[in-house]
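Welcome! Please take a moment to look over the sequence and the 3D structure below, and then we will walk through some of their parts together.

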Amino acid sequence: MVNGSRTAPPPAAPAAPARIQVADLRLSYGDKEVIHGISFDVRANEILGVIGPAQSGKSSMLRCLNRTIEFVAGARVSGTVHVDGEDVSRTRDVHALRRKIGMVAPLPVGLPLTIYDNVAFAPRCAGLRDRAELDALVEHCLRQAALWDEVKDRLGSLGTALSGGQQQRLTIARALSHRPEVLCLDEFSIAIDPVTTMRIEDVLKELRREITIILVTNLTQQARRLADRTMFMLNGRIVELDRTDVVFSEQPGSRQTWDYVNGNFG
Amino acid sequence: MTAPAPSPRPQRSRLERLAEALLEGLIRLSGVSAIVFVLAIFFFVFREAAPVVFSRNFDLWKFLFSIEWYPTSASNVRYGTFALTVGSFAVTALAMAIAVPFGLGAAIYLSEFCGRRLRETLKIVIELLSAIPSVVWGFIALTVTSKLVVDATGAAVGVNVLNGGVVLALMSVPIIVSIGEDALKAVPDSYREAALALGATRWQVVYRVLLPAARNGLLAAVLLGVGRAVGETMAVLMATGHAVHIPGSLLDSVRTLTANIAAELGEAPVGSDHYRVLFLTGVLLFCITFAVNIIADLAIRGVRRRG
């Protein structure tokens, strides 16, 4: 079994409580198993970087956390995912679970609503009606996503009419709108220019004080810049999960990690 | 292949280019033909009606707004279609009041909430429903629902606005359901998933995302239902009692514009004033449906601008 996360607990960091505990998670689409029993923890207020080539199960793993994997026909999940100690497969209110875990997809899906309504969508679904409160929340989230200055004069126009990069920041604002405790970003930067990417990375560093972040990225350097710990996934298994400086050092725990991080494959 | 040296770019033969031009022309022709047909129909209907419109003793105001329809009176022939117009509107409005909630509700259920197998079954049944000929509906209206109406309401006659509205609603629902379901299905799944991932319940997804996203298609569904109801002839002819007067309640008999044409055109001597006025009634119908379409179009644009 390669699945064992060889997490020698980092000696320096104080043992933060686990926010998410994944145990022996398996996922198959039809007959094809794509995640082969992985186990790992996500600690409170850390940024966990997840790297690995395409098709290694990174995005699917994220979708298991908030149970959006259920939308995929033929997907079967086994193993357990606990969020704050609660088994997600037994949760009483899956909608509350999904609000607890913010999700940003690689290609932005602006809902066919106005910019304002896009950001206000989740709070409204959760029952927030007060206009002033909504206004403040929308502005706050758009500022956090580094989009406010560009759209503040046209909050009433369609979110889908924004440019690709702006739409991506809109989805980030939207994911923050329901005040998630965990924010999952799935290759958020592929549709954004480098300058905006850096601005959002700064935002993420700020956010770490309040929430936990899982950052799936194809840009290994992005994980290096941001992540406290980095998880390297390959073909549905965890090759290595360790402090970022260890993973990116000259002597990570696995030869494969070194090869991937140094661009020898993938 | 003879000359090997600088191989020329492959070029399409003259025949292929000609064929493509021909195909393009054909497609353009079929596109334009729709306009031609509409104009031609309008022209020929209006040509039949024109002599009476331009005759001296014809009064357009009376034609539109008089309730006196006595086309075969021996002493004083009067052609007032207002009662017929009101009849058409009354029956259509009632039919839509019943069919739109049911139809859209069924479309939402089919597209968003029901299981795969049940959906397939329901769709087949609904298509079957829309395949029933209108004269059969008329027969049902005359023999089945009219008795139910009498039993339920105690009305003097069962063939009235209520009866016609119910039958027209039954006829329009399948159209609204199938077009409405198509409109909802055309909304990309990524919207549903994005909304669900934000913690929306399925019902919240429907009324916060799908209904706004599909509103044009849903409006089209409703309009086609209205079109069916306004244009339906045989079933309302049999269902509404065929009495020319403005209905005071749902339990009064009425006559609609369409039913009037169907019933009287066969008896009117070709070329007589009566005959021409019936054609003019056709022009009136044409204008009404045209106006409904324009209003709906403007409504869509208005919604879009606000959205």
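Which residues in α7(B) meet which residues in α8(B)? From α7(B) come Tyr191(B), Arg192(B), Ala195(B) and Leu196(B), and they meet Val205(B), Val209(B) and Ala213(B) in α8(B). Two residues are in contact here if their C-beta atoms, placed from the backbone, lie within 7 Å. The residues of this contact divide into 6 nonpolar, no polar and 1 charged. In this grouping, Ala, Val, Leu, Ile, Met, Phe, Trp, Tyr, Cys and Pro count as nonpolar, Asp, Glu, Lys and Arg as charged, and the others, Gly among them, as polar.

Before going further, please keep in mind that this is a predicted model, in which local features need pLDDT of at least 70 and side-chain atom pairs count only at pLDDT 80 or more, while totals for chains, interfaces and linings use all residues. Residues are numbered from 1 along each chain as its sequence is written, and chains are lettered from A and ligands numbered from 1 in the order in which they are written. Helices (H or I, at least four residues) and strands (E, at least two) are DSSP runs, numbered from the N terminus.

Back to our two helices. Helix α7 (residues 189-197) of chain B packs against helix α8 (residues 202-213) of chain B at an angle of about 155°, and their axes are 10 Å apart. Axes are lines fitted to C-alpha atoms, for helices over the stretch in contact, and angles run from 0 to 180 degrees between N-to-C directions. The angle therefore makes α7(B) roughly antiparallel to α8(B) (angles under 35 degrees count as roughly parallel, over 145 as roughly antiparallel, 65 to 115 as roughly perpendicular and the rest as oblique).

The two chains also touch: 16 residues from chain B and 18 residues from chain A take part in the contact. On the side of chain B that touches chain A, α7 and α8 of chain B each supply at least two residues, and the largest share, 7 residues, comes from α7(B). By class, this side of chain B has 10 nonpolar, 4 polar and 2 charged residues.

Helix α3 (residues 115-125) of chain A and helix α4 (residues 131-144) of chain A pack at about 110°, with their axes 9 Å apart. That angle makes α3(A) roughly perpendicular to α4(A). The residues of their contact divide into 9 nonpolar, no polar and no charged.

Thr171(A) sits in helix α6 (residues 164-177) of chain A. Is Thr171(A) buried or exposed? Thr171(A) is buried, because 29 other C-beta atoms lie within 10 Å (buried means 20 or more other C-beta atoms within 10 Å of a residue's own, exposed 12 or fewer, and partly exposed in between; C-beta atoms are placed from the backbone). Leaving aside neighbours within four places in sequence, Thr171(A) is in contact with Val104(A), Ala105(A), Pro108(A) and Val109(A).

Strands come next. In chain A, 6 strands form an open sheet of mixed pairing, in the order β6-β7-β8-β3-β9-β10; two strands pair if DSSP finds at least two bridges between them. The edge strands are β6 (101-104) and β10 (237-243) of chain A, each pairing on one side only. Strand β7 (residues 182-186) of chain A pairs in the parallel sense with strand β8 (residues 212-216) of chain A over 5 bridges, and Leu183(A) has Ile213(A) as its bridge partner in β8(A).
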